[in-house]
Amino acid sequence: MSTPTLFRPRQGRMIGGVCAGIARRFGWNPTTVRVVAVASILIPGPQVLAYVIGWIFIPNERQAA
């Protein structure tokens, strides 16, 4: 049994598709991942930087296939 590959989907993304890609990879609800990501911005730390890094390094769906 293979695990799904991490990629940013072409459909269903809000900004860069990082949260949607993480949700698809782990079988989670994309809305839940987005809410947790936005809520985590209220906590001091490099969350926005982590999102930008994910946006840069997680490939688009077309490139991953």
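Good morning. The chain exposes about 4800 Å², and carbon and sulfur atoms supply 68% of that area (Shrake-Rupley method, 1.4 Å probe). The model is predicted, with local features requiring pLDDT of at least 70 and side-chain atom pairs counting only at pLDDT 80 or more, while totals for chains, interfaces and linings use all residues. Residues are numbered from 1 along each chain as its sequence is written, and side-chain values use heavy atoms, with hydrogens and water left out.

Let me turn to the fold. The chain has 4 helices and 0 strands, as DSSP runs of H or I over at least four residues and of E over at least two, numbered from the N terminus. Of the 65 residues, 23% count as buried, that is, under 20% relative accessible area with a 1.4 Å probe and protein chains only. Among contacts (heavy atoms within 4.5 Å) between residues at least 6 apart in sequence, 48% join residues at least 24 apart. The C-alpha trace spans about 35 × 20 × 20 Å along its principal axes.

Which elements give two or more residues to the lining of the largest pocket? The most comes from α2, with 6 residues. The lining divides into 14 nonpolar, 4 polar and 1 charged, where Ala, Val, Leu, Ile, Met, Phe, Trp, Tyr, Cys and Pro count as nonpolar, Asp, Glu, Lys and Arg as charged, and the others, Gly among them, as polar. Thank you.

Conventions:
Buried means under 20% relative accessible area, exposed over 50%, partly exposed in between (1.4 Å probe, protein chains only).
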